[in-house]
Amino acid sequence: MVKLIITGAIIGLSFGLLWFFFYPKKFYRDTIKKIEKLMKEGDNSSLFGKHSIVFDENGVTCTEPESTQTFKWSAFKKAVETKNHFFLFNTAMSAIIIPKKIILSEVQSIRNLINLNIKEPILQK
């Protein structure tokens, strides 16, 4: 009985170690494959094309080659600021991403505008 428990523990530990070492690599490879497939499918210009973002007292307007979206400030649930980006969340899973490198001279004024108009203050991460 003790031998059976030890054998079961060794087998379980072996599978656990294999999973620990090989699953992250598999997950990474699978993710890369999915991204490559997405890139090859159809027209992705709305994702990777030129975008412009205009901030004003009414909200945020995002313009892409094929469309324009305007968000009132009340549409944003929260804002998150990282070292390189602002994230303006309009749902728990959707956000407008603003790279700071394209707004270097305006980072502080945009930060102030966000803090003034979004109910929750910017979360720093």
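1. The largest pocket is lined by 22 residues. Among them, His51, Ile53, Cys62, Ile96 and Ile97 lie nearest its centre. The volume of this pocket is about 510 Å³. A pocket here is an open set of points on a 1 Å grid over the protein atoms alone, where a 1.4 Å probe fits, with protein on both sides within 12 Å along at least five of seven lines. Lining residues have an atom within 4 Å of a point. The volume is the space filled by probe spheres set on the points, which are joined across faces, edges and corners.

2. A word on the source. This is a predicted model: local features need pLDDT of at least 70, side-chain atom pairs count only at pLDDT 80 or more, and totals for chains, interfaces and linings use all residues. Residues are numbered from 1 along each chain as its sequence is written, and side-chain values use heavy atoms, with hydrogens and water left out.

3. Which elements give two or more residues to the pocket lining? β6 gives the most, with five residues. Helices (H or I, at least four residues) and strands (E, at least two) are DSSP runs, numbered from the N terminus.

4. By residue class, the lining divides into 13 nonpolar, seven polar and two charged. Nonpolar covers Ala, Val, Leu, Ile, Met, Phe, Trp, Tyr, Cys and Pro; charged covers Asp, Glu, Lys and Arg; the others, Gly among them, are polar.

5. β1, β2 and β3 form an open sheet in the order β1-β2-β3, with antiparallel pairing. β1 and β3 are the edge strands, each pairing on one side only. The twist averages 15° from one strand to the next, with axes fitted to C-alpha atoms and angles from 0 to 180 degrees between N-to-C directions. Strands pair if DSSP finds at least two bridges between them. Four bridges join β1 to β2. Ile53 has Cys62 in β2 as its bridge partner.

6. β4 (residues 78–81) and β5 (residues 85–89) run antiparallel, joined by four bridges. They form a hairpin with three residues between them. Lys78 stands opposite Phe89 in β5. β4 also runs parallel to β7 (residues 123–124), with two bridges. There, Val80 has Leu123 as its bridge partner.
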